[in-house]
Amino acid sequence: MSSTISAPTSSQEPGGAPSGFEADRTAGSLGETVRAYVDRVRGGDLGALPAILGIVALGLLFFALRPETFLTPRNMANLADQAAPIIILAMGLVFILLLGEIDLSAGVVSGVCAAVMAKLLADAGAPWYVSVAAAIVTGVVIGLFTGSLVGMIGIPSFVVTLALFLGWQGFTLRLIGEGGTVPVRDPVISAISDRNVPVALGWVLALVVIAVYAAVQLNRFRVLRGRGLAHAPLPVVLVRIGVIAAVVVLVTAVLSVDRAPAVGVVLAGIPYAIPLVVLLLLLLTFVLGRTSFGRHVYAVGGNAEAARRAGINVTRIRVAVFVIGSTLAAISGIVAAARLGSVAPGSGGGNTLLYAVGAAVIGGTSLFGGRGRVRDAVLGGLVVAIIANGLGLLGTEAYLNFIITGGVLLLAASVDALARRRAAATGH
């Protein structure tokens, strides 16, 4: 492999991963751009296409099987609450997977941080903001510890995080006690899952998101065209803005409908978990796509030795991604605790990690490092949540949920491996 690192072109994701319909050349017509995208897909660069197709296919399947319940506003709100903790945890894992590393302890770390918050709330009577801050600081410290073992000492991440997977479960058990649970009754924290953004404010936020996204895309188009750099044609930019606007408006409209099961009770608006996920998505996308740190993450994931020779502090990058992963695990644990209303010794264990890794991989993040985006966690998390939600509505037994979700993860990993092989064979 080359020992030098070239900067990614402006029509690519950092690290060379093409984005959307953008072509690696100066924009031509809309038809030419679409043909270029089709060529890249044939060459093995699938991006988020499998996850998007999965969402559409699963949505249609469960709607056909349960038309009276699946696409109702009430179930869509439940789906958002189900998906939020997994999506947030998967966002942190995207950073780690980009380096070709793994964090098997991420799920139980979310449980440890949630336990710290719950104990401060219930036993110490601490205010919610102190408890939440303590949980997040706990995540940062754990990430520093894990990252130091991997980046500074050089222990393989699989070994380190497998050991910590066991160790942190023991810590949570000691903190809470065997067979015990700690309730989370603070109204501010519970509001993440139990309350909704007022309908009027929800529409305002939706319009702001659309306006900001449109402004960013149009400004990027203007700057790239002004500098004579490769860029997508204006029709592609407008189509992209239109698709995002349609999705945002549709979601807001569905969740603004009164979904209260009883007459005389109003239950409408976007669950607070959704703005939280959107905020993290925007922030982390900016970090990966618009900062030198993000470019360095892709560079190290693509070729660590070449990155080192180019002057990138590889050790610092490795430590940093584990800190980000554990911090987001802490936030995921807080959201999960708000949804369940309590924290138990097994919180964050079980299939939490597998679902989060599955979400990242299904969304398009490569297990081999160097390719992925934060949005992958959102798309893959929706696939995982739709499977669990739809099978729950069908009343299927638990073993089928495990088998089907595992099969989807295996399929996603297989698609990733085959796509990489195809890309290598075609020179993409």
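How many cavities of 30 Å³ or more does the count come to? The count comes to 2, where a cavity is a set of points on a 1 Å grid over the protein atoms alone at which a 1.4 Å probe fits but cannot get out. This is a predicted model, in which local features need pLDDT of at least 70 and side-chain atom pairs count only at pLDDT 80 or more, while totals for chains, interfaces and linings use all residues. Residues are numbered from 1 along each chain as its sequence is written, and side-chain values use heavy atoms, with hydrogens and water left out.

**Nonpolar cores**

- The largest nonpolar core has 91 residues; such a core is a set of buried Ala, Val, Leu, Ile, Met, Phe, Trp, Tyr and Cys residues joined through side-chain atoms within 4.5 Å.
- Buried means under 20% relative accessible area, exposed over 50%, and partly exposed in between (1.4 Å probe, protein chains only).
- Met91, Met117, Val184, Ile189, Val321, Leu328 and Val343 have the most contacts inside this largest core.
- Helix 3 (residues 73–98) gives the largest share of this core, 17 residues; helices are DSSP runs (H or I, at least four residues), numbered from the N terminus.
- Beyond its neighbours within four places in sequence, Val184 is in contact (heavy atoms within 4.5 Å) with residues including Met117, Leu121, Ile189 and Val343.
- A second, separate core has 6 residues, among them Ala214, Ala232, Val237 and Ile241.

**The second largest cavity**

- The volume of the second largest cavity is about 40 Å³, a volume being the space filled by probe spheres set on the points, which are joined across faces, edges and corners.
- Its lining residues (those with an atom within 4 Å of a point) are Val108, Val112, Gln169, Thr172, Pro345, Gly346, Ser347 and Gly349.
- Helix 4 (106–122) and helix 6 (157–176) are the elements that give two or more residues to this lining.
- By class, the lining has 3 nonpolar, 5 polar and no charged residues; Ala, Val, Leu, Ile, Met, Phe, Trp, Tyr, Cys and Pro count as nonpolar, Asp, Glu, Lys and Arg as charged, and the others, Gly among them, as polar.

**Aromatic pairs**

- The whole structure holds 3 aromatic pairs, meaning rings of Phe, Tyr and Trp (its six-membered ring) with centres within 6.5 Å; planes under 30 degrees apart count as stacked, over 60 as edge-to-face and the rest as tilted.
- Trp128 and Tyr129 form an edge-to-face pair, because their ring centres lie 5.8 Å apart with planes at 85°.
- Trp128 is partly exposed at 35% relative accessible area, and Tyr129 is exposed at 51%.
- Trp168 and Phe171 are also edge-to-face, with centres 5.9 Å apart and planes at 85°.
- Trp168 and Phe171 are separated by about one helical turn, because they lie 3 residues apart in helix 6.

How values were computed:
1 Å grid on protein atoms, 1.4 Å probe; cavity = no way out; pocket = protein on both sides within 12 Å on 5 of 7 lines; lining within 4 Å.
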